[in-house]
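Please look at the structure on the screen while I take you through a few parts of it.

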Amino acid sequence: VYNHKGEVLISRVYRDDIGRNAVDAFRVNVIHARQQVRSPVNMIARTSFFHVKRSNIWLCAVSKKNLNAALVFQFLYKMLEVMGSYFGKINEENIKNNFVLIYELLDELLDYGYPQNTDTGVLKTFITQQGVKSQTKEETTKITNQVTGQIAWRREGIKYRRNELFLDVVESVNLLMSPQGQVLSAHVSGRVLMKSYLSGMPECKFGINDKVIVESRRAADSSSAAGATKSGHIAIDDCQFHQCVKLSKFDTEHAISFIPPDGEFELMRYRNTKDISLPFRVIPLVREIGRTKMEVKVVVKSNFKPSLLAQKVEVRIPTPLNTSGVQVICMKGKARYKASDNAIVWKIKRMGGMKEWQLSAEIDLLNATDKAKKWTRPPISMNFEVPFAASGFKVRYLKVFESKLNYSDHDVIKWVRYIGKSGLYETRC
Amino acid sequence: KMQGVAASVSDTLGNIRPWLHKVTTQSKMTDSKYFTTTRKGEIFELKAELNSDRKDKRKEAVKKVIASMTVGKDVSTLFPDVVNCMQADNLELKKLVYLYLMNYAKTQPDKAIMAVNTFVRDCEDPNPLIRALAVRTIGCIRVDEITAYLCDPLRKCLKDEDPYVRKTAAVCVAKLHDIDPLLVEEQGFLDMLKDLLADSNPMVVANAVAAMTEIGESAQTEAAARMLTWSGHLVNKLLTALNECTEWGQVFILDAVANYTPSEENEAQSMIERVCPRLAHANAAVVLSAVKVIMKLLELLTPGSDFVQSTVKKLSAPLVTLLSSEHEIQYVALRNINLIVQKRPEILKHELKVFFVKYNDPIYVKLEKLDILIRLTSAANIANVLAELKEYATEVDVDFVRKAVRAIGRCAIKVESAAERCVSTLLDLIQTKVNYVVQEAIVVIKDIFRKYPNKYESVIGTLCENLDTLDEPEARASMIWIIGEYAERIDNADELLESFLDGFADEQTSVQLQLLTAVVKLFLKRPTDTQELVQRVLSLATQEADNPDLRDRGYIYWRLLSTDPAAAKQVVLAEKPLISEETDLLEPSLLGELVCHIGSLASVYHRPPSAFVDGRVAAQRKGLPSRAPTLAEATGAADAGAEVVPTDNAQNAKPAVSVIPTQDSLIGDLLDIDMSGGGGGSGITQQSAAPAVPSQSNAMDLLGDGLDSLLGLGGPAPQQPPQQQPAVGGGSGVDALADIFGGLSATPSAQAGFTPQLESWLPAQRGKGMQIDGRFLRRGAQLQMELQVRNNAMQQLSGFAIQFNKNSFGLAPAQPLSLNPLAPMQTATTLLPLHTKGQVQKMEPLLNLQVAVKNNIDVFYFSCLVPIHVLFTEEGGMDKRVFLSTWKDIPADSESQTSLGSYSHSPDSVSNLLQSCNVFTIARRSVDGIEMLYQSMKLCNGILVLAELKISGGAFTLSLKSRHAEVYSGVQESYLKILKSSN
């Protein structure tokens, strides 16, 4: 772990073949490299360096072996996550403040270069910085069993007075549109976040309106579902699950069943490319008037039920580097030219469905000298939040079973919420 | 308490604010203060604090020590004081002390012993966390004295009742194996490790798998290696355990399973079925490892079957999903997809759009996406791709734009129907007048011309307009090629070329060569008005250039033109073979190997592991398995295209595929012919050389008057081939040629190879009458020990047997000693084949070999030195570029230079002679009468040695570079011996 100056904050050597000089090699060749390094993996003198950068902090893994590169990066991200959950923001100050803790964590996270247990919840049961003082034998065996156990993500004996669970379906809509309004690529990447406050070791079953799952279910009990021809199923391209989900069961029966970790976690991720209802359309019109003037018109159309409200709508219209002044007129919301970002930022707090608003701007340019770099017209990007899932994703049911404790599915209070957010939502101009 | 937190968390989504954060910031945990101490006398103060009576003070002090250690300060002098703190029962303090120990034990081995007792005691602590901590740490302390104490505690811990201790111990076995492999194998730890594979706890199993995989790659003895191979039964069990493992454990298991090749198609099929669910895992490493296993197993199935097709379908979605993860992981995924697309294009052929570049992608992701985009381009989607590429060509990043322009050219070559659109796109781009875009466009247009000759010449005019802006060699060379090729259509071609000619000396070789050829083409097409030009370029090439390639080409043209212009026309203006569409595909066997390494670094670099990993592991090559021959026959030729690596089924785990193309070995073979010594060998070369020489001298004859008559220029000296350079000049062409061929035909038969003298190993007085002389030889890749045994005793000697002690290179007899009973005063010679798979122990001196010979009287011991060159393997040759990069990779301070004395050898004879000892000459350079030979050799244990042999007026100087400096003296010795032997 380095700070932005290339000073070492944390360094832990797991294998003998890496010496202290590797530390300097990375500093000289990557952090202070004359040309910015163009790859996250670099080989210097037959030693491979993997790095990830978070704000000002460089996280670097070093090896001489032919190891699993995907595993290394996945681990580095996991490490950021674990550190983040222990002491918040990853910055130099926090790392210095917690260096003993980090060493202790590294001890558990990795052994001889092999990732071990990286689940924050479990780590917190025995790395606390308060010092493990007088633990009884039972307590420690409980800890070790849990650390290595089959269900490493949940400890036993959790009790809540109120059994509650929250489901958030968060989708980010990604779009790349040509200036002519043709969709070049669009996909939704969705996440199902769950917060569970359930007692005991509950087993959950989760149902969604995925075509494959629904169809296989129907085939299974065709007698009961005769005539059920209502559509509204979506075709999910691919989905991934938290490690608590029994993957083999999903593969054979298309059932999502799991014992959830306590607290908040990401149950599944999915990706969808078909039949996406795009919440917004951006229609740009750029005209260059001579060498010192440009005219931009942008129309934003909302394309969803009028009863729904979109929030935090923001359109960024990039301007050339040699912009000297901008006059903006917009019907709704506020628009300002931000010289530091080289963009006009148009903010609309709320926007109902099926509306169409326009912004027009005149951009004055400094006389472009030959030296001035060519402007490459970055795309217009957009941010928003809408209260529905653009892919049409629906939660059909979530059932909770706990055989040992006496509460049933009906006693659990469940909350479901859908949020559609913008991912990379861009229109070229 | 938890509920309170829950409420606060639940309203802000995705904003995890753990309760611990508060705890840590509130309590005054400002560890950062430890970083600030940089005063003098600090060490002294720390020492006092470490020995303080108060626990908390000691803890503070240790923290300071660790902080200094982290920033790179040397705090090793505090070793004893820190170790004193170790007995504390505070777990946190203990961890810190252990951390310190791991860092400094090596520098203070004698003092590290002090810690051993505590370690052993901690290994029996009632708290499993402490037991595990002790085992974990002790394995990281690489001090021989401590290692010895490690065995017993480790054995106990492997059978510990607590799974946490067991899983830590499993990894410790791998650590120990790295320190002392034989110890692990002898002490039976491998068996115990194997038992852990059946452990009830999934994490123990996962770690045991990881340890076994690692040990398996570097196992020392055959028995151990055999024990660690994965059986079908075992793999089956592991796949069952897969469901219960953590994400990392799943990666270990999948990587291990990838090393196993099932024997039947059914088995492969069921394995695929069981691995497939992993593709839906959230961890990219799990997904990629699963993809690797599946890609490998697919090779074993009947191509085109329904199952294969449905599996291939399943692969595409997860791969695409990887592209929505973090940038670095995307990069790894893209590099792998690049491989997969080459291997099985059908997987992603419909997913073109996901590889469209986004504005905010980091540059490394952009470049990779572009690469894959081109691979997926087909007639069906070319319109989309082209529109994208044009967009990219207007971006800011120079590399990316260049690549995009080049990609347009590749599209044109790949999809004929779109070529016209591509060309017009390129022309649009040229109009932008952005310097590097124009240059790149011209380079690709040249390729398009080659693919579709006489189709798009209309654009030449536009190209010529941009002549002045070209400043890069590749673009200049391309432009010159175009001018030469279409000289008859460009009216001012001669002027254009002449303008290039003015700066001829400053151009790069590629441009010079191109210019030479272009002018000759021009001359052949318009002989009337370009004579002057062609003379000028020929004299520039032959007289003023240093580059031999250029000179040679100049001479050849000169002779061709002077002897037979018609023939020249045939040669120079011949129809060119069309260029192929995919020039940058990886070689199939390399691709196959890389597919076996999906997810790993090799797949990121697109280089086999042997190219960047040291040691034995690298020597093992993986390859894709091939289907059983019977099946292959059954399905007939249909699958010929699908098979990548033809392997012997019996050993398909490690097929012996040579990845480096054959050109080197071909040259090696040619040289080998006369090297092998016998009269037959040199006869062949002489025969092959014989027809060459006369024909060349013919050419010389013709040149003499032919040149004059045909060019009609006779007379003044400058037009004559220069006489003043006797070595290469035209007049002495025969000499020059003879010189070149001389190395091959004349000399070598005399010095067919190098055979060392017999050395006296065991004098008769020490051997109770038995005298042994011997030497080491290498014949046809077989290492041999020649023993000449003489019986000086009064009685018959019989019952001979031989044994070697462990040695540096693992030499051991491959057969028992075969020697008949020996009557008094009789001498017998025997050849004992050796192998290098024996036990390894580093000797002093390195090449020392201790031998025991037994006969009916007694056992006798002697030691001899193995000349290192017999350990050079036949695979020591390498590509020039590999040589160069390896040479650069090795730090300059590990270079060693010695003077070898003076000899009468010519550079050719030296390189031939050394070649016979598997010292391969990679390149040769001569500067001002000094000859430099660049040579490489590879020892049987994989160590590479690179050499630069400088011959300056008969004096030989040798510079060696290797990662293992120990071998230098041996190599120098061998060079000396070889040079002396035939001087």
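First, an overview of chain B. Its secondary structure comes to 42 helices and 13 strands. The chain has 983 residues, of which 54% count as buried. Among the contacts in chain B with a separation of 6 or more, 66% are between residues 24 or more positions apart.

We now turn to strand 13 of chain B, residues 955-962. How many of the 8 residues of strand 13 of chain B are buried? The number is 7, so strand 13 of chain B is largely enclosed by the rest of the structure. Consider next its pairing with strand 12 of chain B, residues 944-952, which is antiparallel and extends over 8 bridges. Within strand 13 of chain B, B:Lys961 has B:Leu946 opposite it. Strands 12 and 13 of chain B form a hairpin, with 2 residues between them. In the turn, B:Gly953 has a positive phi of about 55°. Strand 13 of chain B is also joined to strand 9 of chain B, residues 895-902, by 7 bridges, and these two strands run antiparallel. Here B:Ala955 in strand 13 of chain B stands opposite B:Ser902.

Chain B also contains an open sheet of 5 strands, in the order 1-2-3-6-5, with antiparallel pairing. Strand 1 (759-762) and strand 5 (812-813) of chain B stand at the edges; each has a single partner strand, so one side of each is left without a neighbour in the sheet. Strand 1 of chain B is joined by 3 bridges to strand 2 of chain B, residues 770-779, and the two run antiparallel. In strand 2 of chain B, B:Ile772 stands opposite B:Leu762.

Let us move to a pair of helices. Two packed helices are described by the angle between their axes and the distance between the axes. Helix 31 of chain B, residues 548-563, packs with helix 32 of chain B, residues 565-572, at an angle of about 135°, and their axes are 6 Å apart. Helix 31 of chain B is therefore oblique to helix 32 of chain B. Which residues of helix 31 of chain B meet helix 32 of chain B? They are B:Tyr557, B:Leu560, B:Leu561 and B:Thr563, and they meet B:Pro565, B:Ala567, B:Ala568, B:Val571 and B:Val572.

A single residue comes next. B:Asn435 lies in helix 25 of chain B, residues 435-451. Its relative accessibility is 31%, so B:Asn435 counts as partly exposed. B:Asn435 and B:Leu470 are 35 residues apart in sequence, while their C-alpha atoms are 7.6 Å apart in space. Beyond its neighbours within four places in sequence, B:Asn435 is in contact with B:Thr469 and B:Asp471.

Finally, the confidence of the prediction for chain A. The mean pLDDT of chain A is 80, with 87% of its residues reaching 70 or more. Over residues 220-230 of chain A, pLDDT stays under 50, and the model has 2 contacts beyond four places in sequence for them. Where pLDDT is low, the predicted coordinates should not be read in detail. Thank you for your attention.

Technical notes:
Residues are numbered from 1 along each chain as its sequence is written. Chains are lettered from A and ligands numbered from 1 in the order in which they are written. This is a predicted model: local features need pLDDT of at least 70, side-chain atom pairs count only at pLDDT 80 or more; totals for chains, interfaces and linings use all residues. Side-chain values use heavy atoms; hydrogens and water are left out. Axes are lines fitted to C-alpha atoms, for helices over the stretch in contact, and angles run from 0 to 180 degrees between N-to-C directions. Helices (H or I, at least four residues) and strands (E, at least two) are DSSP runs, numbered from the N terminus. Angles under 35 degrees count as roughly parallel, over 145 as roughly antiparallel, 65 to 115 as roughly perpendicular and the rest as oblique. Contact means heavy atoms within 4.5 Å. Buried means under 20% relative accessible area, exposed over 50%, partly exposed in between (1.4 Å probe, protein chains only). Two strands pair if DSSP finds at least two bridges between them. pLDDT is the predictor's confidence in each residue, from 0 to 100.
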